[in-house]
Amino acid sequence: MSTPTTSPAEVAARPGAHRAGDEARTDGASARARRERRAAYLFMAPNLIGLTVFVAIPMLLSIVLAFFRVDGFGGYDFVGFANFERMFSDPYFLSSLGRTLLYLVVLVPGLFVSGLGLALLVRHKFPLVGFFRTALFAPNVVSLVVVALIWQFLLTDDVGFIARLLDRVGLTAPSWLGDPAFALPTVMVITIWFSMGYYMLIFLAGLQDIPREYYEVASIDGAGPWTTFRNITWPLLKPTSFFILLTSTIAVMTGGLDLLVILTGGGPANSTTLVIYYVYQQAFVYGEFGYAAAISSFLVLILLAWSALLFALTKGGRFTHAQ
Amino acid sequence: MPSDTAALPRPATRPPVAPGRRTSWRRRKSSTLFVVVGVITILTVFPLVWMVTSSFKGPDEVLSTDLLPSAPTVDNFEYVFSAAPFGRYLFNSFVVSATVTVVALFFHSMAAYALARLRFPGRDAIFLGIFSTLLVTAPVVLVPLFLVVHRLGLLNSYAGLILPAIFSAYGIFLLRQFYLAIPAELEEAAVLDGCGYWRIYWSIILPLSKSIFAALAVLFFLANWNAFLWPLVATTDSDLQVVQLGIASFQEQNTADWQYVLAAATVAAVPTLLAFAIFQRRIVESIKTSGLK
């Protein structure tokens, strides 16, 4: 009988010891995972609660409210689809919708072109370019209330700065904000004025991500500016363009309400009553919270559809380009 | 996320063909750009400059077409502060904006840390849920938010002005992107030392966030200082008026006196323009980063 080099006890113990070690490790790992999970939820808790109360619940409430008539005393009556039916037979809503469409069709390309145009200019290096970039963005940092006051002042009928300037060259200025034919175009120009610097910066970031070597190669090949733009800049800028189309549509459709409230109050003759202003008016002037909620739900639906369309057209916002 | 957006684009280095002609061509191009962009910039900032200079003009020359006042006066500002409680307005705006900024940075970075650095079930779904709230812009939920805040009994209170403004996916999203890029080794050392997650967040993640916090702080502060619609519907108490409401109602009472209205507008705008002038580099960089994917 040979003496075992290891005692049976030890042999028996070894795998056991291994198992015990493994268990300790998995126990430790799962305890750690549990701790990590608990920590994560605690870290997120303030935001999850806040976002639920102040964003998610209002959003859901908006959809629910759309099916109710709310009276001035806080009473809620379920009315089914009545608010939606009312929308499509309400001439004021329908004309505000048409106006918003026109506003979108002009402003989204307008912001795109002005932002891209400025970015293409200030991407180059020339004296004071840093200052120019900053200054072009400056109108974006003052509030829309201030923007509205400045332009009301400059566009004052007859005695305002712009009217006097035109007068000096022998032109008669229209009533920019008082004539229904001019009010909406004026609002569009003001919107381009204060937003173009923002879109310029986003485009500039996109342009600066395009590898410089591409331009070097194009220049060696003797490509002109237009060819270079069409074959290098435009295709490589697609992700930025996509982002801008998406965000500017949302901004144009739902933003600028502050400006309308102060600058025009939706007038004259409802000529600047865009859908978002109509929602505001229905809710806070007429107390029609249910109807207002139906319209804003409709607005969100359109935005969702537009985002989905953009994503579908661009295959999820991903762009394949030769890198 | 590309991080070299700060780098200025340099003109492509070209083969050294005819260096003389090259440089003169480049100089001409650069001076043309200077003139074109210069003119656009002057036209763009002109309304802002006009507001500031006109606020120092007397009532008889506020509508003149001269840029600078012939007899600069601060009477308009004295009138603004004596005719309406602008000190109070500025104080309210400052309290609301500063509180929202500090609390939002703190909360947003906590959530961003968890979403970027911790593993837990449902992480992607939660992130997607938070991200999707970006589609819901403030004017769209204005009506139901008003009803929720009304139900919570927070109308006409600082809390009603502050709480709804704190929570937005924007900061969480940007901070998460930033935290994803932090090398894991920094945390691993702390984990080996037996640090808890709170310690890691507090003594490793927060100090690393200084630069992005500075950029976001300016953006948050400006957005809240400039907010008009929510304070308009959430407060009726004159003691709670913020400066944007203050200048709007001041204008209603002084419609014809443009020198006063412009002085009031300047009072509301100068803090934002100053903050912008001081922090412009950070603001510009954070705006550019926010645009990326």
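UniProt positions are given in the numbering used here, feature names are shortened, and annotations may be inferred rather than shown by experiment. The views below show a predicted model, in which local features need pLDDT of at least 70 and side-chain atom pairs count only at pLDDT 80 or more, while totals for chains, interfaces and linings use all residues. Residues are numbered from 1 along each chain as its sequence is written, and chains are lettered from A and ligands numbered from 1 in the order in which they are written.

View 1. An unreviewed UniProt entry lists "transmembrane region" at residues 31–52, 89–113, 125–146, 158–179, 200–223 and 258–279 of chain B. Residues 31–52 of chain B are 100% helix and 0% strand, with end C-alpha atoms 30 Å apart; helices (H or I, at least four residues) and strands (E, at least two) are DSSP runs, numbered from the N terminus.

**View 2. Domains of chain A.** Chain A is assigned domain 1 (8–65) and domain 2 (82–313), with bounds that come from an automatic or database domain assignment. Taken over C-alpha atoms, the centres of domain 1 and domain 2 of chain A are 46 Å apart. From an unreviewed entry, UniProt gives "domain: ABC transmembrane type-1" at residues 97–310 of chain A. Those residues are 75% helix and 0% strand, and 21 Å separate the end C-alpha atoms.

**View 3. The contact between chain A and chain B.** Chain A contributes 83 residues and chain B 82 residues, where two residues are in contact if their C-beta atoms, placed from the backbone, lie within 7 Å. On the side of chain A that touches chain B, helix α1 (residues 8–65) of chain A supplies the largest share, 19 residues. This side of chain A has 60 nonpolar, 13 polar and ten charged residues. Ala, Val, Leu, Ile, Met, Phe, Trp, Tyr, Cys and Pro count as nonpolar, Asp, Glu, Lys and Arg as charged, and the others, Gly among them, as polar.

**View 4. Helices α12(A) and α13(A).** The axes of α12(A) and helix α13 (residues 289–313) of chain A come within 8 Å and cross at roughly 160 degrees. Axes are lines fitted to C-alpha atoms, for helices over the stretch in contact, and angles run from 0 to 180 degrees between N-to-C directions. The two helices α12(A) and α13(A) are therefore roughly antiparallel, a term for angles over 145 degrees. Residues of α12(A), including Tyr278(A) and Gln282(A), meet residues of α13(A), including Ile295(A) and Ser296(A). The contact of α12(A) with α13(A) has nine nonpolar, two polar and no charged residues.

**View 5. Two loops of chain A.** Most residues other than glycine have a negative phi, and most peptide bonds are trans. Leu128(A), which is not a glycine, has a positive phi of about 70 degrees; Leu128(A) lies in the loop between α3 (91–122) and α4 (129–137) of chain A. Gly267(A) and Pro268(A) are joined by a cis peptide bond with omega about -5 degrees, and Pro268(A) belongs to the loop between α11 (257–263) and α12 (275–284) of chain A.

How values were computed. Angles under 35 degrees count as roughly parallel, over 145 as roughly antiparallel, 65 to 115 as roughly perpendicular and the rest as oblique.
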